[in-house]
Amino acid sequence: METRPGLSPRDRLARVEQGFFVLGITAVLCLAGAATTEGFLDGGNVENLLRLSAAFGILAIGEAFVVLGKGIDLSVAGVGLGCAQATLAFMANGMPEGQAVALLVGLALLLGVVNGVLVAYLEVPALFATLATGLLTIGGVDILLLDRNFYALPEGSVLSALSSGSILGVPGAIFVAGALFLLAWFLVSGTSYGRLTRAMGDNFETARSSGAPVRPLQVLGYVVSALFAVLAGYMAVSVQGSVQTTATSFDPLLFTALTVTVIGGVSLAGGRGTMLGVLAGTLFVGVLNNLLILRGLSSSLQDLVRGGVLIAAIALDAWLHPRDEETAKADEL
């Protein structure tokens, strides 16, 4: 890629697709894991790594749509896991699977609308609005819909088929996640919704003054995020065969999705990022998590490493995409 003379190293890096860097780092991490960690390249371990990565990769897709529009959605894990557990609870009580799925997908979309209205029209800060929605979803499902905390996925259900089987040795979960990544890539790159969302994230006031329906776009972003969240919840249930949630159990999944999004180059400053980057971030975090487990690190050390990686990714994003004075003033309006 050509760069104009006089660009600083930071500006040059900011113009390069971050996903390629992350894929390269992931390849190096895989080589290091193969050389130092017994069992890393075993077929069963690789398959398990990919299947688990599919769930949080789908969750990160939805998060990326909101972040591209310069928002943030902290409800994704709560919505995904809460709706998945409620679906299994209804099925355990005799409700047909299709009806239970339709009901909880509808609830997820409604929660997306609530998030969008709170942020876009009532101007509640997204950080607090979506965190509250996620907690309310987990707590509400637990109190209103569950008579026990653990539910297993019945054998032979449609949800179980999401991740079952393989094609040419590739787990079915990867094909489902791949199809959703392709759909997300098309929405971001090939539709007016994607282009307007990028424009809104780059400069909200400029997008509004040019006639873009910025507030409906914000609502739609949270609805899309909620849809991918519930799909991620179903994928997680399909891979694990069960789900168990509490008011705080969604934290690791939430921060994994945020880490994937930021590491993949979807800037928290808004308007920048690609689905290739999100895919690269998914693979990186999946490999990292797998190696941390195989190395037998305690959960505290694992959290320390993951937290450090997230902080490093946020710091890199802030350095590559600083808020200029014009953007800061526009945000204050």
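This is a predicted model: local features need pLDDT of at least 70, side-chain atom pairs count only at pLDDT 80 or more; totals for chains, interfaces and linings use all residues.

Reader: What share of the contacts with a separation of 6 or more is made by residues 24 or more positions apart?
Author: The count begins with contacts in the protein chain whose partners have a separation of 6 or more. Among these, the part that comes from residues 24 or more positions apart is 77%.

Reader: Which residues have the most contacts inside the largest nonpolar core?
Author: The largest nonpolar core has 85 residues. One of those with the most contacts inside it is Val278, and, leaving aside neighbours within four places in sequence, Val278 is in contact with Ala60, Ile61, Ala64, Phe181, Val260, Gly264 and Val266.

Reader: How is helix 5 oriented against helix 6, roughly parallel or roughly antiparallel?
Author: Two packed helices are described by the angle between their axes and the distance between the axes. The axes of helix 5, residues 97-120, and helix 6, residues 126-144, come within 9 Å and cross at roughly 155 degrees. Since angles over 145 degrees count as roughly antiparallel, the orientation of helix 5 to helix 6 is roughly antiparallel.

Reader: How many nonpolar, polar and charged residues are in the contact of helix 5 with helix 6?
Author: The crossing of these two helices, helix 5 and helix 6, is right-handed. Helix 5 contributes Leu111, Asn115, Leu118 and Val119 to the contact, while helix 6 contributes Ala126, Ala129, Thr130, Thr133 and Thr137. Sorted by class, these residues are five nonpolar, four polar and no charged.

Reader: What classes of residue make up the contact of helix 5 with helix 10?
Author: The axes of helix 5 and helix 10, the latter spanning residues 214-240, come within 7 Å and cross at roughly 145 degrees. The crossing of helix 5 and helix 10 is right-handed. The residues of this contact divide into 17 nonpolar, four polar and one charged.

Reader: Which residues does Val124 touch, not counting those up to four places away in sequence?
Author: Val124 lies in the loop between helix 5 and helix 6. With a relative accessible area of 29%, Val124 is partly exposed. Not counting residues up to four places away in sequence, Val124 touches Leu118, Val119 and Ala129.

Reader: Is Glu123 buried or exposed?
Author: Glu123 is placed in the loop between helix 5 and helix 6, and its phi is near 55 degrees, a positive value in a residue other than glycine. Its relative accessibility is 55%, and because the cut-off for this class is over 50%, Glu123 counts as exposed.

Reader: What is phi of Lys70 near?
Author: Lys70 lies in the loop between helix 3 (43-68) and helix 4 (76-92). At 26% relative accessibility, Lys70 counts as partly exposed. Its phi is a positive value in a residue other than glycine, near 65 degrees.

Reader: What distance separates the C-alpha atoms of Phe128 and Ser75?
Author: Phe128 has its place in helix 6, where, at 55% relative accessibility, Phe128 counts as exposed. Phe128 and Ser75 are 53 residues apart along the chain, and their C-alpha atoms are separated by 9.8 Å.

Reader: Which residues are in contact with Asp317, leaving aside its neighbours within four places in sequence?
Author: Asp317 has its place in helix 13, residues 299-320, and Asp317 is buried, with a relative accessible area of 9%. Asp317 and Leu268 are 49 residues apart in sequence and 7.2 Å apart in space, C-alpha to C-alpha. Leaving aside its neighbours within four places in sequence, Asp317 is in contact with Val262, Ser267, Leu268 and Ala269.

Technical notes: Residues are numbered from 1 along each chain as its sequence is written. Side-chain values use heavy atoms; hydrogens and water are left out. Axes are lines fitted to C-alpha atoms, for helices over the stretch in contact, and angles run from 0 to 180 degrees between N-to-C directions. Helices (H or I, at least four residues) and strands (E, at least two) are DSSP runs, numbered from the N terminus. Angles under 35 degrees count as roughly parallel, over 145 as roughly antiparallel, 65 to 115 as roughly perpendicular and the rest as oblique. A crossing is left-handed if the near helix is turned anticlockwise from the far one by less than a right angle, and right-handed if clockwise. Contact means heavy atoms within 4.5 Å. Ala, Val, Leu, Ile, Met, Phe, Trp, Tyr, Cys and Pro count as nonpolar, Asp, Glu, Lys and Arg as charged, and the others, Gly among them, as polar. A nonpolar core is a set of buried Ala, Val, Leu, Ile, Met, Phe, Trp, Tyr and Cys residues joined through side-chain atoms within 4.5 Å. Buried means under 20% relative accessible area, exposed over 50%, partly exposed in between (1.4 Å probe, protein chains only).
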